[in-house]
Amino acid sequence: MSDVTVQTTSPDDYPEVANLVERAFGGTGEVELISRLRENNDVLLELVARKNGILAGHILFSRVKITGKNHDAVALAPLAVLPEFQKQGVGSLLIQTAHTKLVAAGETLSLVLGDPAYYGRFGYEHLRAAGFESAYQGKYLQALAFADAPSTGVLQYAPAFGAL
């Protein structure tokens with residue numbers, strides 16, 4: 001992956017990110033989610049990956065409150081890779097780089113709503129998220145603890161998720 005670089009997203013990247021996310025998801029729902037998260041200052045970490053200078057992937061994490069526990073977590077959503085760059089390690093590199101940054105920042109728990117076979121490769125498990133109350137509760141809600149973190153409580157996602 002020496003031909004892929006990962007860096008913090010800048011406002012100059014936003015138009016390219018919107019195009020990438022729309023192409024990766026085949027619609028604008030996730031583009032609108034990203035815009036709302038940015039507008040509401042709910043973005044905790046946002047990275048882009050460039051392969052040979054081309055914007056190939058994007059990942060975003062926002063804050064999740066765990067009510068009743070006085071604890072915060074992060075939500076991975078969305079992760080997008082251009083179709084022509086999928087299955088080449090771009091998404092994996094984005095996730096691994098983001099996890100390293102999150103741990104360094106003192107984050108202890110990450111949540112994702114996605115394919116268990118894919119996210120399980122990075123340590124996410126439904127069993128770790130099963131004790132949380134959430135509108136998204138089900139087999140696709142998964143969690144990964146980087147350190148000691150609650151396993152019960154009510155998950156409060158950023159308001160932008162309610163519009164999906």
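Lys87 lies in the loop between strand 4 and helix 3 (90-104). Helices (H or I, at least four residues) and strands (E, at least two) are DSSP runs, numbered from the N terminus. Phi of Lys87 is near 65°, positive although the residue is not glycine. Lys87 is exposed because its relative accessibility is 88%; exposed means over 50%, buried under 20%, and partly exposed in between, with a 1.4 Å probe and protein chains only.

Asn52 is another non-glycine residue with positive phi, about 50°. Its place is the loop between strand 2 (43-51) and strand 3 (54-67). Asn52 counts as exposed because its relative accessibility is 57%.

## Model and numbering

This is a predicted model: local features need pLDDT of at least 70, side-chain atom pairs count only at pLDDT 80 or more, and totals for chains, interfaces and linings use all residues. Residues are numbered from 1 along each chain as its sequence is written, and side-chain values use heavy atoms, without hydrogens and water.

The peptide bond joining Ala77 and Pro78 is cis, with omega about -5°. Pro78 sits in strand 4 (residues 71-81).

## Nonpolar core

The largest nonpolar core has 51 residues. Such a core is a set of buried Ala, Val, Leu, Ile, Met, Phe, Trp, Tyr and Cys residues joined through side-chain atoms within 4.5 Å. Ile59, Phe61, Leu76 and Leu111 touch the most other members. Strand 4 gives the most to this core: eight residues.

Beyond its neighbours within four places in sequence, Phe61 has contacts (heavy atoms within 4.5 Å) that include Val43, Leu45, Leu76, Leu102 and Tyr124.
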